[in-house]
Amino acid sequence: MKKIGIFGGSFNPPHNGHINIARKITDFFSFDKVFIIPSSIPPHKEITSKVTQQQRLEMCKLAFDDNIFFVSDIEMQREGKSYTYDTLSELKNTFDGEFYLIIGSDMLLCFDEWYRYKDILNMVSIIVSARKTDEKETNLIKEKAYELNSLTPGAVTIFDIVPFEISSTQIREMVKGNKDISGFVPKSVCEYIYERGLYK
């Protein structure tokens, strides 16, 4: 049975940290396919910039250019908020395989606030990428994983990875402040942002 990874987010913009997480986890778990899914209306955060959905989708296609990655507009095709449960249901009805949901540690800490989160635990295996080396946060992550695994044994796996300490928010602020972002995003994404005057 094929192993299918799912990596979603606002990707506003996608950066080297996102790519690093996706590639490292894909290699370690030997995924056959990974869906990169930019959200339309994230339930847990507001997309404040004037960048369009199509532009975020196009930047993802530039950033995740390996053959194993498939950038999908599945959430942009739906109306309303982009609930992970709905996305997983649609994918599982369309593709056969074992599904793995890749999330960051920040999302794990609020996972029990997600729409139908208990159902999600039974639908997929969740792989958590710890993005920071802070000991306090590490302990919180382990506690939350233990709590969720007590509901569905083995549902959550913590993947230790050397964090790439950058965020999309920081990159947007750097562009606004006319600072160089070439070390934080792929060249193609950097050119896309500058050519279109995004985040100014």
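Residues are numbered from 1 along each chain as its sequence is written, and side-chain values use heavy atoms, with hydrogens and water left out. Because the model is predicted, local features need pLDDT of at least 70 and side-chain atom pairs count only at pLDDT 80 or more, while totals for chains, interfaces and linings use all residues.

Me: Which helix gives the most residues to the lining of the second largest pocket?
Reply: A pocket here is an open set of points on a 1 Å grid over the protein atoms alone, where a 1.4 Å probe fits, with protein on both sides within 12 Å along at least five of seven lines, and lining residues have an atom within 4 Å of a point. About 270 Å³ of space lies in the second largest pocket, and of its 13 lining residues the closest to the centre are S49, K50, R172, Y199 and K200. The lining divides into 3 nonpolar, 5 polar and 5 charged residues. With helices taken as DSSP runs (H or I, at least four residues) numbered from the N terminus, the one that gives the most, 4 residues, is helix α7 (residues 168-176).

Me: How is the pair of rings in F64 and F69 classed?
Reply: Rings of Phe, Tyr and Trp (its six-membered ring) pair if their centres lie within 6.5 Å, and planes under 30 degrees apart count as stacked, over 60 as edge-to-face and the rest as tilted. A search of the whole structure finds 16 such aromatic pairs. In F64 and F69 the ring centres are 5.5 Å apart and the planes stand at 80°, so the pair is edge-to-face.

Me: How many residues apart in sequence are the parts that Y83 and Y115 tie together?
Reply: The ring centres of Y83 and Y115 are 4.7 Å apart with their planes at 45°, so this pair is tilted. Y83 is partly exposed at 27% relative accessible area, as is Y115 at 37%, where buried means under 20%, exposed over 50% and partly exposed in between (1.4 Å probe, protein chains only). Since Y83 lies in the loop between β3 (69-71) and α3 (84-94), and Y115 in the loop between α4 (105-109) and α5 (117-123), the parts tied together are apart in sequence by 32 residues.

Me: At what distance from the ring centre of Y192 does R196 lie?
Reply: A charge sits over a ring if NZ of Lys or CZ of Arg is within 6 Å of the ring centre and within 35 degrees of the ring normal. K33 lies over the face of F70, at 5.1 Å from the ring centre. R196 lies over the face of Y192, and its distance from the ring centre is 3.7 Å.

Me: What distance separates the C-alpha atoms of S188 and A63?
Reply: S188 lies in helix α8 (residues 187-196) and is partly exposed, with a relative accessible area of 27%. S188 and A63 are 125 residues apart along the chain, and their C-alpha atoms are separated by 7.2 Å.

Technical notes: Points joined across faces, edges and corners; volume = space filled by probe spheres on them. Helix = DSSP H or I, 4+ residues; strand = E, 2+ residues; numbered from the N terminus. Nonpolar A, V, L, I, M, F, W, Y, C, P; charged D, E, K, R; others polar.
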